[in-house]
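Here are my notes on the chain contacts, as promised. Have the model open while you read.

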Amino acid sequence: MNEKSPGNFEDELRRRLRPIDAPEGFAERLMAALPVEQKATVVKPLAARPSLRQFGLPAALAASLMVAVFLGVRVANDRALREEQIGIAASQQLMQALRVTSQKLDLAYEAVNNPPTAGEEENRS
Amino acid sequence: MSLSAAHPMPDSLLLQARAGDRNAFAALVRAHQGSVFSIGLRMLSRRDAAEDLAQDVFLQLYRKLDSIESLEHLGFWLRRVAANLAIDWLRRLPYSATQPLDESAEVAAQVSEDDPLMSRELMRLLGELAPHPRAVMLLRYQEDRDVAEIAAMLDMPVNTVKSHIKRSLTALRGRMIGAKLIDCEELP
Amino acid sequence: MNARVLICLAAVFLAGPVFAQSKGQLRLPEFATLADKASETVTVTLDANLLGMAARFLSNEDPEQAKAKKLVSSLTGIYVRHYTFDSDYAYPKGDIDGVRRQLSAPGWSRIVEARSKKENTNVDVFVLIDGEKAQGLAIIASEPREFTIVNIVGNIDLEQLHDLEGNFGVPALGIETGKKAPTEKTPTEKTK
């Protein structure tokens, strides 16, 4: 490396100190270590579903089909619940944003429509 | 996955993660794991310790997601926690636990194909800096943070940050010249 | 703000197609250092997608939420950065200057510049006009212990926006009373 100016050394430092990839599978190992939280999901109880045996299906196939339906419903419900959570959080943020906006517009109104009197001292340059 | 100007991370990802979406959280992890791991590796000089540190940082993030206000805040928070945790560990771990396991060659090759010897020597010299100036140099030249931000992250005065940078640059340059890895120059 | 001024502005800005998301949107700088110093932080980042989701969960029965739902129907983004501090002027002016520079770009007009020496507050309201339509609104408010930037993007109905006054816990200040502005200045002029 030919150094003609301090800036080149700093550029070289930046080049050689670029972030390195984390080890393969890092994110997966981390996610596996996260605490599992129980979230309420809307799932129809298995007992409420009609038995597929009445259609003459073998027990194993009937069970597999019911599991597949159960999982499908659960995935759809999980997605719906997630979207609901995001929507509720977003609506709360929206109301908060509009409150702040309203307060600041009122500040502007106050300052414009209640100018200082002639005798008021300057307290800020 | 890494952040880039061409493919900015949507702000909604943070909102989703805060709402309990584990896939969204995993995406945030993947976007920042390189930075956090690299801070750990270059502070602690060992891959195993760096991975432990990175995992600790992201576990803390998972617990504190509600306090993260924006993606910008997320980047600031991760770097701050990673750097301060690494400084803490350096203080508390026995000396032997922070000595490189001869992985520096592998690390150097990962970053620079043209002169792995220089990269290896630079990593070694960086490892000889005291914890605080080492953290300052990584936040400045690896993470490209400005002086004010580094001061806030490490809770130190701006002038102290500037002083660490100046002294560390002088020390590193001098040692590299001494090792004939760079040409002689007029030092400021 | 004078009701007549607002109604005129609303007449200009009402209706029309929704414009591209990026117009009217400010690049808000990293305020991470401020967030750490602040005792209270409000950060809102809602793009068009999230605004749509939010609107679906607003109630038509609640008057506040119903007004909000109507207002955001034509918006494509709402961005708020609000910080409260425990000591006076804990925020550096430089953080605000970067945003102000964007507001001096063509298209942006300052419609309110309010200064209150009594309260030590400065509030500026800007609007981005494209053709005859407003596509952006920005508010920068600085008080001794608070600093706020609001950026609203999309087709903005200012009359609906000022209808928010009197809601969200803020008392009505009588905008509709037809209070006469002092003769030596208009509502958009600086107050001293």
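1. Between chain B and chain C there is one salt bridge, a term used here for a side-chain nitrogen of Lys or Arg within 4 Å of a carboxyl oxygen of Asp or Glu. The partners are Glu72(B) and Arg81(C), with their closest N and O atoms 3.8 Å apart. On the chain B side, α1 (12-18), α4 (71-92) and α8 (147-154) each bring at least two residues to the contact with chain C; helices are DSSP runs of H or I, at least four residues, numbered from the N terminus. α4(B) gives the largest share, four residues.

2. A caveat on all this: the model is predicted, so local features need pLDDT of at least 70 and side-chain atom pairs count only at pLDDT 80 or more, while totals for chains, interfaces and linings use all residues. Residues are numbered from 1 along each chain as written, chains are lettered from A and ligands numbered from 1 in written order, and side-chain values use heavy atoms, leaving out hydrogens and water.

3. As for extent, 13 residues of chain B touch twelve of chain C (contact: heavy atoms within 4.5 Å). Together the two chains bury about 1100 Å², 57% of it on carbon and sulfur atoms; that is accessible area (1.4 Å probe) lost on putting the two parts together, summed over both.

4. Now chain A and chain B: about 4000 Å² is buried there, 63% of it on carbon and sulfur atoms. Arg16(A), Leu17(A) and Ile20(A) supply 21% of what chain A buries against chain B, more than any other three residues.

5. Chain A and chain B share three salt bridges. Glu28(A) and Arg30(B) pair up in a salt bridge at 3.1 Å, N to O.
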